[in-house]
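Thanks for asking me to look over this model. My notes follow as numbered points, and I hope they are handy while you have the coordinates open.

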Amino acid sequence: QVQLVESGGGLVQAGGSLRLSCAASGSISTINARAWYRQAPGKQRELVARIAAGGSTNYADSVKGRFNISRDSAKNTVYLQMNSLKPEDTAVYYCNAGRYYSGTYYQTSIWGQGTQVTVSS
């Protein structure tokens, strides 16, 4: 079993930055990718960014050029650097452990507890 622990959320003004962290423990050899999702009030959870074991990344159009997903393999940790934040980025951000094959990310039922990001205008 894989466990994920997120940290780094908070309140920031529009135009500011935050960095989220997702630390994994347990049977991490069973996954080869991780992703960040977010869910705003009244909206469905959406994929924000993902990173595969080989280092390839993908982003939602709404965050391209502003967010960067990266990893520290030695620490089993994935980061989401969020710059030029907008009020519409306000959401609970969740880390997911998944698998990546042939250009597709497959989420699993392994989620972190979520971290709140609030961007004020």
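**Notes on the disulfide, sheet, cores and charges**

1. Let me start with the S-S bond of C22 and C95: its torsion is about -80°, so this disulfide is left-handed. The sulfur atoms of C22 and C95 are 2.0 Å from each other, and both cysteines are buried. A search through the whole structure turns up one disulfide. Please keep in mind that this is a predicted model.

2. In what order do the four strands of the open sheet come? The order is 1-3-8-7, with antiparallel pairing. Strand 1 (2-7) and strand 7 are the edge strands; each has a single partner, so one side of each has no neighbour in the sheet. On average, and ignoring direction, neighbouring strands here are turned by 20° against each other.

3. Within that sheet, strand 3 (residues 18-26) and strand 8 run antiparallel and are joined by six bridges.

4. The largest nonpolar core contains 29 residues, and W36, L80, M82 and Y93 have the most contacts inside it. Several strands contribute: strand 1, strand 3, strand 5 (46-52), strand 7, strand 8, strand 9 and strand 11 (115-120) each provide at least two residues of this core. Another core, of six residues, lies apart from it and includes A33, A35, Y100 and Y105. In soluble globular proteins, nonpolar side chains tend to be buried together.

5. Now to the charged side chains. How many salt bridges does the count come to? The answer is four. R38, E46, R66 and D89 are linked in a network of salt bridges, and I would take its pairs one by one. Side chains of opposite charge can pair when their charged atoms come close.

6. The pair of E46 and R38 has an N to O distance of 2.7 Å. Are these two partners buried or exposed? E46 counts as partly exposed because its relative accessibility is 34%, which lies between the 20% and 50% cut-offs. R38, with a relative accessible area of 7%, is buried, as that value is under 20%.

7. R38 also forms a salt bridge with D89, where the closest N and O atoms are 2.9 Å apart. This pair connects distant parts of the chain: D89 belongs to the loop between strand 8 (77-82) and strand 9 (91-101), R38 to strand 4 (residues 33-39), and 51 residues separate them. Both D89 and R38 are buried.

8. D89 has a salt bridge with R66 as well, with 2.7 Å between the closest N and O atoms. R66 is in the loop between strand 6 (57-59) and strand 7 (67-72), while D89 is in the loop between strand 8 and strand 9, so the pair ties together parts that lie 23 residues apart in sequence. Both R66 and D89 are buried.

9. D89 deserves a paragraph of its own. Its relative accessibility is 1%, so it counts as buried. Which residues does D89 contact, once its neighbours within four places in sequence are left aside? They are R38, R66, F67, S84, V117 and V119.

10. Finally, two backbone angles to look at. S84, in the loop between strand 8 and strand 9, has a positive phi of about 50° although it is not a glycine. With 40% relative accessibility, S84 counts as partly exposed. S102 also has a positive phi, near 50°, and is likewise a residue other than glycine. S102 is found in the loop between strand 9 and strand 10 (104-111), and at 81% relative accessibility it counts as exposed.

Key
Residues are numbered from 1 along each chain as its sequence is written. This is a predicted model: local features need pLDDT of at least 70, side-chain atom pairs count only at pLDDT 80 or more; totals for chains, interfaces and linings use all residues. Side-chain values use heavy atoms; hydrogens and water are left out. Buried means under 20% relative accessible area, exposed over 50%, partly exposed in between (1.4 Å probe, protein chains only). Two strands pair if DSSP finds at least two bridges between them. Axes are lines fitted to C-alpha atoms, for helices over the stretch in contact, and angles run from 0 to 180 degrees between N-to-C directions. Contact means heavy atoms within 4.5 Å. A disulfide is a pair of cysteine sulfur atoms within 2.5 Å. A nonpolar core is a set of buried Ala, Val, Leu, Ile, Met, Phe, Trp, Tyr and Cys residues joined through side-chain atoms within 4.5 Å.
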